[in-house]
Structure formats: structure tokens, C-alpha cells
Amino acid sequence: MFDKKKERMKKIMNDKALLIAFDHAVEHGPIAYENIDLHPTRILKIALDGGANGIILHSGAAKIVKDYIPKNFALVIKLTARTSLVNDKNMIQSIVTTVDEAAKLGADAVAFTIYLGSEMEYYMFEQFSQVKKRCIELELPIIGFMYPRSPKYKNKYDAKAIEYAARVGAEIGCDIVKTYYTGNKQTFSKVIKNCFVPLLVAGGPEAKTKEEFLTNIQDALSVGARGFALGRNIWSRDGSVELLKQVKSVMSRF
Ligand code: FBP
């Protein structure tokens with residue numbers, strides 16, 4: 001799947017990946033997480049202490065923590081961004097970090113969000129093709145965050161829309177696809193079946209209880225999820241490290 005330079009990412013994906021996602025201070029803003037310490041070093045510490053095998057960060061946060069990242073831990077740099085300060089109607093993410101900058105920061109992979117069904121979809125596809133070209137030259141894997149935002153599916157968690165979005169990610173050349181959980185294993189098994197590259201599951205908004213969150217993890221694994229990229233459900237809760245260890249323990253059963 002990957003070249004020899006990217007053995008670390010390959011190793012992670014050949015087993016099951018447990019990544020911590022932390023691009024939320026851009027996407028949702030610090031105001032969405034009042035009373036939560038959003039310093040990148042705290043989030044990295046949670047990831048390391050809880051046994052994750054990588055972290056997804058924007059370049060600014062990566063600069064702050066990169067010297068503390070151990071050898072066997074993957075750094076994924078998010079190339080695209082949007083804020084919640086704009087009108088949500090035509091969802092778009094723009095490139096804020098180049099592939100070359102990410103490579104210079106020591107990235108093991110890059111991440112790129114596409115909102116499928118947005119009126120700006122064509123623009124994100126164009127940008128994606130440029131990024132993919134450079135990723136191929138530099139031999140860096142791309143993780144596509146494939147998120148539905150279609151007027152045809154009112155709910156972004158609609159199982160059919162997620163299935164479609166994930167499939168597009170595989171078709172357009174993402175090495176790994178990350179998308180939302182559909183909410184149950186019956187519908188999620190179709191998402192996995194239709195996505196012919198490894199699929200990572202996003203944690204989503206904080207589940208009502210930790211038990212519900214862990215059940216979703218188990219159900220996603222039972223139908224073939226290759227790993228997780230978890231954000232809010234880990235670092236915005238009390239007992240983040242403990243919970244991450246519990247996720248790891250559930251993963252070890254599959
Ligand atoms: P979560 O586990 O918190 O859902 O994080 C995964 C993620 O993809 C983040 O990388 C991103 O900021 C967020 O979800 C986007 O969620 P939404 O599309 O709901 O704003």
C-alpha cells in the first residue's frame with residue numbers, strides 16, 4: 001500500500017490504528033470547548049499516555065509538539081481548514097498548509113477534508129488533485145476526511161450519504177479514508193464493504209455515556225473498521241487517558 005519511506009504509517013495501518021484528532025480549535029473554535037485545556041502538549045500527552053499510535057494536527061500545533069513525538073508514533077498533518085465563523089451553506093475547506101511544509105515538519109501522512117455534496121465540492125476536488133500529485137512525488141500517504149454535506153441528505157450522519165462519501169475517497173486515490181460512524185453496525189458494514197481502502201472512524205460529538213461510545217467502537221470493529229481517529233470523545237472528557245486505554249483494550253480483541 002505504501003512506499004518504503006512510510007513504513008511507520010504502513011505498520012500502523014497493517015495493524016489497527018488509534019489516532020487522536022485535534023483540528024477542532026480551528027473547525028469549531030476554542031469557544032466550543034470552554035473549560036477544556038486545548039494546548040497541543042496536553043493533547044499529545046493524552047495520546048501518548050493512553051497508548052494511541054498517532055496524532056492529527058494542524059501545522060502550527062505540530063511545530064509546538066514535534067520535538068516530543070517518539071519515533072514509533074505517527075504525525076499526521078492536516079492540510080485543509082475551515083472555521084465555524086462562516087456561513088455553513090457552501091461548506092468548503094481550503095489548503096492552509098502545503099504538502100512540502102508537512103513533509104518538513106516530519107509528517108508520516110497528510111489529511112485533507114472534502115465535503116461531498118457541497119456546492120464547493122468541485123473546488124475541493126481540484127485542490128485534492130494538486131495535493132495528491134505532490135504526495136505521490138514525496139511518497140506521503142493521504143488520509144481523506146470524507147464528510148457528506150449534501151442537500152439530498154439533510155443529515156450529515158445519513159448512512160447512505162456516508163457510504164457514498166467513503167467510496168468516493170477510495171475512488172479518487174486516498175490511501176486511507178476517515179468518515180463518520182453511521183450509528184449502527186448494519187449500516188456501517190455497508191460503508192466498509194464499499195470502501196476498498198482502510199477506513200478510520202471519527203469519534204463524533206461526545207456520546208451520552210462512555211459505555212455508549214465504547215459500544216460504537218466495538219460495533220465498528222466488528223464490521224471491519226481499521227481504526228479510529230478520535231477527538232472530542234477522548235480529550236474533552238474527564239478520564240481521557242483511561243478511556244483511551246479502554247478503546248485500545250476493545251481494539252485488541254479484534
Ligand atoms: P471527532 O472524533 O471529535 O469527531 O473528531 C474527528 C473530526 O473529523 C475532526 O478531525 C474534525 O474536527 C471533526 O471531526 C469534524 O466534525 P464535524 O464535521 O462534525 O464538524
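Trainee: Is Asp49 buried, exposed or partly exposed?

Mentor: The model before us is a predicted one. In it, Asp49 has a relative accessible area of 35%.

Trainee: With which residue does Asp49 form a salt bridge?

Mentor: The general idea comes before the case. Side chains of opposite charge can pair when their charged atoms come close. Here, Asp49 pairs with Lys45, and their closest N and O atoms are 2.6 Å apart. Both residues belong to helix H3, which spans residues 40-50. They stand four residues apart, about one turn of the helix.

Trainee: How many salt bridges does the structure hold?

Mentor: The structure holds 10 salt bridges. One of them joins Asp67 to Lys66, with 3.5 Å between the closest N and O atoms. Asp67 is exposed at 64% relative accessibility, while Lys66 is partly exposed at 33%. Salt bridges may also be linked to one another: Asp100, Lys133, Arg134 and Glu137 form such a network.

Trainee: Which parts of the chain does the pair of Lys78 and Asp23 link?

Mentor: The side chains of Lys78 and Asp23 meet in a salt bridge, at 3.0 Å from N to O. This pair links distant parts of the chain, for the two residues are 55 residues apart. Lys78 lies in strand S3 (residues 74-78), whereas Asp23 lies in the loop between strand S1 (17-22) and helix H2 (24-27). As for accessibility, Lys78 is buried, with a relative accessible area of 0%. Asp23 is also buried, with a value of 7%.

Trainee: Which residues are closest to the ligand?

Mentor: To read a ligand site, one may begin with its surrounding residues. In this model, 20 residues surround the ligand, and the closest are Asp23, His28, Tyr147, Lys178 and Tyr180. The shell divides into eight nonpolar, five polar and seven charged residues. Helix H2, strand S7 (142-148) and strand S10 (227-230) each supply at least two residues of the shell.

Trainee: Where do polar side-chain atoms of Asp23, Arg149 and Tyr180 lie relative to oxygen atoms of the ligand?

Mentor: For Asp23, a polar side-chain atom lies 2.6 Å from an oxygen atom of the ligand. The corresponding distance is 2.9 Å for Arg149 and 2.5 Å for Tyr180. Taken alone, the ligand exposes 470 Å², of which the protein buries 99%.

Trainee: What is the place of Asp37, and which residues does Asp37 touch?

Mentor: Asp37 is in the loop between H2 and H3, and at 43% relative accessibility it counts as partly exposed. Leaving aside residues up to four places away in sequence, Asp37 touches Arg42 and Ile43. A polar atom of the side chain of Asp37 also lies 2.9 Å from the backbone nitrogen of His39. Finally, the C-alpha atoms of Asp37 and Trp235 are separated by 9.0 Å, although the two residues are 198 residues apart along the chain.

Definitions and conventions: Residues numbered from 1 in each chain as written. Predicted model: local features only at pLDDT ≥ 70, side-chain atom pairs only at ≥ 80, totals over all residues. Heavy atoms only, no water. Salt bridge = Lys/Arg side-chain N within 4 Å of Asp/Glu carboxyl O. Buried < 20%, exposed > 50% of the residue type's maximum accessible area, 1.4 Å probe, protein only. Near = heavy atom within 4 Å. Polar contact = N/O pair within 3.5 Å; in protein donor to acceptor, adjacent residues only side chain to side chain. Areas by Shrake-Rupley, 256 points an atom, 1.4 Å probe, with all protein chains shown as cover. Nonpolar A, V, L, I, M, F, W, Y, C, P; charged D, E, K, R; others polar. Contact = heavy atoms within 4.5 Å.
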